[in-house]
Amino acid sequence: MRRVLATAGHVDHGKSTLVRALTGRDPDRLAQEKERGLTIELGFAWTTLPDGAEVAFVDVPGHRRFIGTMLSGLGPAPAVVFVVAADQGWQAQSSEHLAAVQALGLRRLLLVVTRADLADPAPTLAAARERLAAAGIEPLGEVAVSAVTGQGMDDLRAALDGLVASLPEPDATAPVRLWADRAFTVGGSGTVVTGTLGAGTLRVGDELELLDEQGHRASVQVRGLHSQDVERAEVGPVSRAAVNLRRVQRDAVGRGAVLLTPGAWEAARVVDVTLGPAGDGGATTGAGVGAASAGAPSAGAAVPPERVTLHVGTADLEVHCRALGAGHARLTLPVDLPWRVGDRVILRDPGSRHLWAAVVLDADPLPLRRRGAARERGEALTAAGTDGVRLRRVRLAGRRVEPAARLERLGLGAASPDPSGSTDPPGGPAEGSERRIADLVVDPAAWQSWRDALAATVRTHHQDQPLSAGLTPAEAAHAIDLPSQHAATLLPALAAAAGLTLQDGRVRDLQAGGLGPAEPGIAQVEAWLREDPFAAPEARDLDDLGVGARELAAAVRLGRVLRLPGEVVLLPDAPARAMRELVGLPQPFTTSQARQALGTTRRVAIPLLEHLDARGWTRRVDAQTREVVR
């Protein structure tokens, strides 16, 4: 089992010293960090716990000037080791770090009071416990230690075992989203990107998509993998991973870049979020804590200012924030980022240091073009809450139809169709339920509107033009405002739902339409042919009866007559009648013999015989004769 934990806590409270004592490795790698005794960049170290779990620590800086770096370290970690020094107690950045922990939804936390050799840890433990309780967090363990003397270190290792055992099993089959926290070049190998792999599996040879911090996309290949300084063929979650990449230069990758499973993520630069104050880290007043709260970050105003810093993964970007009523906002980013509904992010006002927790509810939402649209959007999101089914319905209500694959990428997946291509339950779909048509998911209100409009449009068309074969698919789709890119998929299902048929390139109502004024003329033709089945009327006869090409086409469509090449008009049963005569002839027979047997002319006999050939009832023997197929 491998897991990753992040440290958190005020500057100079012993986070790096604690990691060093646990792992035997120094997480501070920069000369400037060693000279100043101050963590500036993210540090990494690892060890094996008594129960055998391999644990990597992401050591974050505590100084408030490096809050962006701190947030990039906390973001991908599933649990936190929260550090408070016994000799200093709760401090400003303790509150700020706890606010970030709250905002990121990190509830698995181990409280560690360091420097127990310098001061009694009990008051600090009590004060920190109070702060955590005010923040709604109950630590999974509390330990007082001294990294210098070794006091409590065995208890800490046991508590870490318990913390790791409490973590949910990560999904090794999930798509990869690895936020880069470092990138560097190794001689002879090329570019290496490091990050915390929270889900999914990386393998040597994998093709990935790199989305850099400028929003540029590139296809890259995994050349090699390391985790905890060991070369590996694959790395699963949750792990620290160093990924050696092909087809990318070091200067093209920085912190905030992200490696992705191709096609598995919805990248967008506009997202709608629900907002909440990140909290003040549980700031309270009272003995031992009031003085320490000075300088703690404020919970912030109800709505962030228009320009704020967005922290997601290891990226931090200045974004535009537009309020969507109370409790929601639309964020517009300068670049595309990969999103899933439910992603937790932090908004920060660099001036006031206010923090806001935010949860992504939609990515790439529709533009707000009319007056009142922002308020209506906020109301819809409020009604949906964070429930995935309701958020999918809100998205569908705006877009009317979405590819199921896109909803899956957003984490708003719909059910897969059954082998018949429908997800409707037995007896048909419930009224008001969304529809799955092939690879599309359709809003129920849009479906009903399109269905009703199609039925009304086609029937009105038949009333106005009774001889018409119906509407072409393009005409029908345009008439009901069906999205052109999805019309070919949706129209057949809509026609069926509306009681219509789509065949021979026309949408029509089998029960509607008729022959109108041509009815008497077609009836007369039928009467003639019943008396003499192969005496097809001449063109002048049809003209006299007012039966033209459109009238004949309508009669054919209604099954009233059979139309053969050369404007030969017969009854639909004429081929069967002809076969009864031809089967009695000596085989093979000539066209002249067939003509005489049917009592008709060459004008009728030739196209009729060719029709029988096409149906496989007769076949040519040579240029002069044919025979009945038995």
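This is a predicted model: local features need pLDDT of at least 70, side-chain atom pairs count only at pLDDT 80 or more; totals for chains, interfaces and linings use all residues.
Buried means under 20% relative accessible area, exposed means over 50%, and partly exposed is in between, using a 1.4 Å probe and protein chains only. Residues are numbered from 1 along each chain as its sequence is written, and side-chain values use heavy atoms, with hydrogens and water left out.

## Salt bridges

Let's stay with Asp-272. Its side chain meets that of Arg-377 in a salt bridge, 2.7 Å from N to O; the term stands for a side-chain nitrogen of Lys or Arg within 4 Å of a carboxyl oxygen of Asp or Glu. Asp-272 sits in strand β17 (residues 266-277) and Arg-377 in helix α7 (residues 373-384), so the bridge ties together parts that are 105 residues apart in sequence. Helices here are DSSP runs of H or I with at least four residues, strands are runs of E with at least two, and both are numbered from the N terminus. Arg-377 is buried too, at 13% relative accessible area.

A search of the whole structure turns up 34 salt bridges. Another one pairs Glu-234 with Arg-203. Those two also come from distant parts of the chain, with Glu-234 in strand β14 (residues 234-235) and Arg-203 in strand β10 (residues 202-203), 31 residues apart. Glu-234 counts as partly exposed at 44% relative accessibility, and Arg-203 is partly exposed at 38%.

| Salt bridge | N to O distance |
|---|---|
| Glu-234 with Arg-203 | 3.3 Å |
| Asp-272 with Arg-377 | 2.7 Å |
| Glu-627 with Arg-619 | 2.9 Å |

In the Glu-627 and Arg-619 bridge, Glu-627 is partly exposed with a relative accessible area of 21%, and Arg-619 is partly exposed at 44%. Salt bridges that share partners also build one network, whose members include Asp-272, Arg-377, Glu-266, Arg-330 and Glu-402.

Next, an open sheet of 3 strands, in the order β23-β25-β24 with antiparallel pairing. Two strands pair if DSSP finds at least two bridges between them. β23 (401-403) and β24 (435-437) stand at the edges with a single partner strand each, so one side of each has no neighbour in the sheet. On average, neighbouring strands of this sheet are turned by 25° against each other, direction ignored. β23 and strand β25 (residues 440-442) are joined by 3 bridges, and Val-401 stands opposite Val-442 in β25.

What packs on this sheet, touching β23 and β25? That would be helix α8 (residues 388-399), whose direction makes about 115° with that of β23. Angles run from 0 to 180 degrees between N-to-C directions, and axes are lines fitted to C-alpha atoms, for helices over the stretch in contact. Helix α10 (residues 444-464) lies across β23, β24 and β25, running at about 85° to β25.

## Hairpins around β12

Strand β12 (residues 217-227) is joined to strand β11 (residues 207-211) by 5 bridges, running antiparallel. Leu-211 has Arg-217 as its bridge partner in β12. The two strands form a hairpin with 5 residues between them, and Gly-215 in the turn has a positive phi of about 85°. β12 also pairs with strand β13 (residues 230-232) in the antiparallel sense over 3 bridges. In that hairpin 2 residues lie between the strands, and Gln-228 takes a positive phi near 55°. Strand β15 (residues 239-246) is joined to β12 by 5 bridges, again antiparallel.

## Two crossing helices

How do α16 and α18 pack? Helix α16 (residues 574-582) and helix α18 (residues 602-614) meet at an angle of about 90°, with their axes 11 Å apart. They are therefore roughly perpendicular to each other, a label for angles of 65 to 115 degrees.

Note on methods: Angles under 35 degrees count as roughly parallel, over 145 as roughly antiparallel, 65 to 115 as roughly perpendicular and the rest as oblique. Contact means heavy atoms within 4.5 Å.
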